[in-house]
Amino acid sequence: MVASLLGSRDIVAFVATTNIAKAKRFYRDKLGVPLVEESPFALVFDAHGTMLRVTPVRKMKAAGYTVLGWQVPDIEDAVRRLRKARVRFERYAGMGQDKLGIWQSPGGARVAWFKDPDGNTLSVSQH
(Lines give C-alpha, C1' and ligand atoms only; values in the text may rest on other atoms or scores of the structure.)
Protein backbone atom coordinates (compact mmCIF):
# COMPACT_ATOMS: atom_id res chain seq x y z
CA MET A 1 0.00 0.00 0.00
CA VAL A 2 1.36 3.45 -0.93
CA ALA A 3 0.31 5.10 2.36
CA SER A 4 2.54 2.81 4.42
CA LEU A 5 5.50 3.58 2.19
CA LEU A 6 6.01 7.07 3.67
CA GLY A 7 3.81 6.91 6.75
CA SER A 8 6.57 5.29 8.79
CA ARG A 9 9.45 7.42 7.49
CA ASP A 10 11.03 10.52 9.00
CA ILE A 11 10.00 13.82 7.53
CA VAL A 12 12.48 16.46 6.36
CA ALA A 13 11.46 20.11 6.70
CA PHE A 14 12.63 22.77 4.22
CA VAL A 15 12.76 26.55 4.61
CA ALA A 16 14.18 28.93 2.01
CA THR A 17 16.52 31.84 2.71
CA THR A 18 18.12 34.58 0.64
CA ASN A 19 20.79 35.23 3.28
CA ILE A 20 22.40 32.08 4.63
CA ALA A 21 24.49 33.95 7.25
CA LYS A 22 21.42 35.66 8.74
CA ALA A 23 19.47 32.40 8.68
CA LYS A 24 22.32 30.60 10.46
CA ARG A 25 22.43 33.20 13.23
CA PHE A 26 18.65 33.15 13.58
CA TYR A 27 18.00 29.41 13.69
CA ARG A 28 21.17 28.46 15.58
CA ASP A 29 21.74 31.43 17.88
CA LYS A 30 18.27 32.89 18.50
CA LEU A 31 16.15 29.75 18.32
CA GLY A 32 18.79 27.36 19.64
CA VAL A 33 18.37 24.71 16.95
CA PRO A 34 21.65 22.73 16.68
CA LEU A 35 23.47 23.15 13.37
CA VAL A 36 24.79 19.76 12.24
CA GLU A 37 26.00 20.49 8.72
CA GLU A 38 26.77 23.46 6.54
CA SER A 39 27.32 23.34 2.79
CA PRO A 40 26.71 25.60 -0.22
CA PHE A 41 23.41 23.75 -0.66
CA ALA A 42 21.90 24.05 2.82
CA LEU A 43 22.26 24.61 6.51
CA VAL A 44 21.16 21.37 8.16
CA PHE A 45 19.73 21.61 11.65
CA ASP A 46 18.58 18.91 14.04
CA ALA A 47 15.13 20.02 15.18
CA HIS A 48 14.69 17.42 17.92
CA GLY A 49 15.21 14.52 15.54
CA THR A 50 13.67 16.16 12.47
CA MET A 51 16.06 17.36 9.79
CA LEU A 52 15.51 21.03 9.01
CA ARG A 53 17.20 22.13 5.80
CA VAL A 54 17.50 25.89 5.35
CA THR A 55 18.20 26.21 1.65
CA PRO A 56 19.64 29.28 -0.05
CA VAL A 57 17.67 30.70 -2.97
CA ARG A 58 18.24 33.79 -5.11
CA LYS A 59 14.73 35.17 -4.80
CA MET A 60 11.80 34.16 -2.71
CA LYS A 61 8.37 35.26 -1.65
CA ALA A 62 7.43 34.28 1.87
CA ALA A 63 4.25 32.24 2.16
CA GLY A 64 1.24 33.91 3.73
CA TYR A 65 0.87 31.12 6.28
CA THR A 66 2.89 29.28 8.91
CA VAL A 67 5.58 27.13 7.31
CA LEU A 68 7.21 25.69 10.43
CA GLY A 69 6.22 25.36 14.06
CA TRP A 70 7.37 23.87 17.34
CA GLN A 71 5.21 22.31 20.05
CA VAL A 72 6.36 23.48 23.46
CA PRO A 73 5.30 22.36 26.95
CA ASP A 74 4.96 25.94 28.27
CA ILE A 75 4.18 28.53 25.61
CA GLU A 76 4.45 31.52 27.93
CA ASP A 77 7.97 30.48 28.95
CA ALA A 78 8.92 29.85 25.31
CA VAL A 79 7.66 33.26 24.19
CA ARG A 80 9.45 35.04 27.03
CA ARG A 81 12.72 33.23 26.30
CA LEU A 82 12.48 33.91 22.58
CA ARG A 83 11.74 37.58 23.26
CA LYS A 84 14.92 37.74 25.36
CA ALA A 85 16.74 36.43 22.27
CA ARG A 86 15.21 39.37 20.36
CA VAL A 87 12.59 37.39 18.47
CA ARG A 88 9.63 39.65 17.67
CA PHE A 89 6.16 38.12 17.81
CA GLU A 90 3.47 38.98 15.32
CA ARG A 91 0.08 40.43 16.14
CA TYR A 92 -2.88 39.87 13.89
CA ALA A 93 -5.97 42.07 13.91
CA GLY A 94 -9.06 40.37 15.25
CA MET A 95 -7.21 37.37 16.70
CA GLY A 96 -7.63 38.31 20.36
CA GLN A 97 -4.02 37.58 21.29
CA ASP A 98 -2.95 38.14 24.89
CA LYS A 99 -0.23 40.54 26.08
CA LEU A 100 2.49 38.08 24.99
CA GLY A 101 0.94 37.67 21.53
CA ILE A 102 -0.50 34.22 22.27
CA TRP A 103 -3.80 33.25 20.64
CA GLN A 104 -6.06 30.54 22.02
CA SER A 105 -7.87 28.43 19.45
CA PRO A 106 -11.48 27.31 20.01
CA GLY A 107 -10.10 23.79 20.61
CA GLY A 108 -7.78 25.02 23.36
CA ALA A 109 -4.41 25.03 21.57
CA ARG A 110 -2.37 28.17 22.20
CA VAL A 111 -0.22 29.63 19.40
CA ALA A 112 2.19 32.54 18.92
CA TRP A 113 3.75 33.50 15.59
CA PHE A 114 7.04 35.09 14.60
CA LYS A 115 9.07 35.51 11.41
CA ASP A 116 12.55 34.48 10.40
CA PRO A 117 14.86 36.98 8.63
CA ASP A 118 13.30 36.12 5.25
CA GLY A 119 9.72 36.68 6.41
CA ASN A 120 8.81 32.99 6.75
CA THR A 121 6.10 32.68 9.38
CA LEU A 122 7.04 30.32 12.23
CA SER A 123 5.17 29.42 15.40
CA VAL A 124 5.30 27.96 18.85
CA SER A 125 2.25 26.16 20.16
CA GLN A 126 1.03 24.39 23.25
CA HIS A 127 -1.60 21.67 22.77
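This is a predicted model: local features need pLDDT of at least 70, side-chain atom pairs count only at pLDDT 80 or more; totals for chains, interfaces and linings use all residues.
The side chains of Glu 76 and Arg 110 meet in a salt bridge, 3.0 Å from N to O. Glu 76 sits in helix α3 while Arg 110 belongs to strand β7, which covers residues 110–115, so this pair ties together parts of the chain that are 34 residues apart in sequence. Glu 76 itself is partly exposed, with a relative accessible area of 30%.

Now stay with helix α3, which runs over residues 75–84. Its buried residues are Ile 75, Ala 78, Val 79 and Leu 82. Because these cover an arc of only 95° around the axis, they end up on the same side of α3.

Another residue of α3 worth a look is Arg 80. Together with Arg 83, Arg 91 and Lys 99, Arg 80 forms a positive surface patch. A residue needs over 30% relative accessible area to count towards a patch, and Arg 80 passes because its value is 40%, which makes it partly exposed.

The surface has a nonpolar patch too, made by Val 12, Phe 14 and Met 51 and about 270 Å² in area. Val 12 is part of strand β1, residues 12–17, and it is partly exposed at 35% relative accessible area. Move on into the loop between β1 and α2 and you reach Asn 19, another partly exposed residue, at 30%. Asn 19 and Val 57 are 38 residues apart along the chain, and their C-alpha atoms are separated by 8.3 Å.

Back to salt bridges: how many are there by the count used here? The count comes to six. One of them joins the side chains of Asp 29 and Arg 28, at 2.6 Å from N to O. Asp 29 is partly exposed, with a relative accessible area of 45%, and Arg 28 is partly exposed as well, at 34%. Another joins Glu 90 and Arg 88, at 3.2 Å. In that pair, Glu 90 is buried, with a relative accessible area of 11%, whereas Arg 88 is exposed, at 59%.

Conventions. Residues are numbered from 1 along each chain as its sequence is written. Side-chain values use heavy atoms; hydrogens and water are left out. Patches are made of residues with over 30% relative accessible area and no salt bridge: like charges are joined within 9 Å, nonpolar side chains (Val, Leu, Ile, Met, Phe, Trp, Tyr) within 5 Å. Accessible areas come from the Shrake-Rupley method with a 1.4 Å probe; for residues, only the protein chains shown count as cover. A salt bridge is a side-chain nitrogen of Lys or Arg within 4 Å of a carboxyl oxygen of Asp or Glu. Lys and Arg count as positive and Asp and Glu as negative; His and the chain ends are not counted. The place of a charge is taken as NZ of Lys, CZ of Arg, CG of Asp or CD of Glu. Helices (H or I, at least four residues) and strands (E, at least two) are DSSP runs, numbered from the N terminus. Buried means under 20% relative accessible area, exposed over 50%, partly exposed in between (1.4 Å probe, protein chains only). The arc is that of the directions from the helix axis to the C-beta atoms.
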